[in-house]
Amino acid sequence: MTSRSKSGRSLVFPLALLALGLCACGGDGATPEAADGAGGSGGSPPGSAGATTGSGAPASSGATAGSGGASASSGATTSSSATGGTTASSAASGTSSASTGGDPPTDPPPPDPEDGPVGFASLNGGTTGGEGGMVVTVSDADSLLEAMAGTEPRVVQISGTIELSGMNDVGSNKTIVGLGADAKIVGGGLYLYREKNVIIRNITFQDANEDAIGITTETTNVWIDHCTFMNAADGLLDIVRESSYVTVSWNVFRNHHKTILIGHSDAASADAGFLKVTLHHNWFDGTQTRHPSVRFGQVHVLNNYYLNNLSYGVASRMEADVVVEGNYFLNTWFPCRAGYADSEPGDIVERNNVIETNMPPPPSEDPNDPPPPATPVCETRGTAFDPAAMYPYDADRAEDVPALVMSYAGAGRI
């Protein structure tokens, strides 16, 4: 972690508090999956309009929490959770109705504005960030570091591009939000260590020389929303060491290998009972691995769009409990994996997903991957958990996810 001198403060005090701003985040890296890390990269695909109220889009044709089927395009499948050992469902043997349908809608209805997170970040007292605190606008590194420090509530608005280096501390009770469509943090990342109640929105994270965002060591109640992540030296987003109650929503991850790591080591058994994370309406655009990779945690992967992810989509390791629901996988040859590399498997349930391909399987660059199958296979194991018993949410239909996410995810979209 690097520290910087805290001088040259530039402050502006608007008359009214911004209601939870915007966010875009970025990172890359191309090293094989190891014990620790994160990354990803991108492309462009199909999708139709759809909605979800509980997860930030209007309720038009969504399935309610934990239920609902989806009609799929050719080669797609939706399937229910397994109840025994490791099993697999494939795109060739789908159980949903199929269609070869025409072009998807290009203008799906916009999501309803979110005044708070859906999922795990809504629990444990909720996540409000700097609500009620002073509003500060910053445009340089020293001013940003000073504004993020301490535990008093504060809304920190980022104007333009700010260059950082290394990992930079964010204190509790902060909202870090980009102004407009061009707010960026370049060269460094944000670091949350034993903090609580932080919101990060509408920022593009690019070219971090470590992680883009690191959430570590008993940090709780974090909402990362509408960010764009590209090109980090290590991971784009790490959630590790007994951190919990995190929601990651409406973000774009691209141009990276190791994307989201939840649980840093096979030996970190103290993480059991922590690492409660919801990921919804994110676009994994050509990134290779860890979308996410989970050890020991309890993770709900809902309504995300996976495009051209050459290694794998979601991995459940070391007795993690993972529910993969209502996602759209296009050219992701291992959508779900029970175990990975030398890790023991975790439970992973998949339901109401669309799994589709429109190209031959490419060779993987990751030595931990077997040769791609002729058709994508989603492994399942055990029973995981029931997200609907934890918090309220509405699930969009999987086939509506690409258009929704491509239209509304990432920085500059709120």
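In the predicted model, cysteine 336 and cysteine 378 are joined by a disulfide, with an S to S distance of 2.0 Å. A disulfide is a covalent bond between the sulfur atoms of two cysteines. The pair links distant parts of the chain, since 42 residues separate the two positions. Cysteine 336 belongs to strand β27, which covers residues 336–338, whereas cysteine 378 lies in strand β30, formed by residues 377–380. The count of disulfides comes to 1.

The geometry and the surroundings of this bond were also examined. The torsion about the S-S bond of cysteine 336 and cysteine 378 is about -70°, and the disulfide is therefore left-handed. Residues under 20% relative accessible area are classed as buried. Cysteine 336 has a relative accessibility of 0% and so counts as buried. Cysteine 378 likewise counts as buried because its relative accessibility is 0%.

The two strands that carry these cysteines, β27 and β30, belong to a protein chain with 31 strands and 2 helices. Of the 414 residues in the chain, 60% count as buried. The chain exposes about 13700 Å², and carbon and sulfur atoms supply 50% of this area.

Contacts within the chain were considered according to separation in sequence. Among contacts between residues at least 6 apart in sequence, 71% join residues that are at least 24 apart.

Methods:
Residues are numbered from 1 along each chain as its sequence is written. This is a predicted model: local features need pLDDT of at least 70, side-chain atom pairs count only at pLDDT 80 or more; totals for chains, interfaces and linings use all residues. Side-chain values use heavy atoms; hydrogens and water are left out. Helices (H or I, at least four residues) and strands (E, at least two) are DSSP runs, numbered from the N terminus. Buried means under 20% relative accessible area, exposed over 50%, partly exposed in between (1.4 Å probe, protein chains only). Contact means heavy atoms within 4.5 Å. Accessible areas come from the Shrake-Rupley method with a 1.4 Å probe; for residues, only the protein chains shown count as cover. A disulfide is a pair of cysteine sulfur atoms within 2.5 Å.
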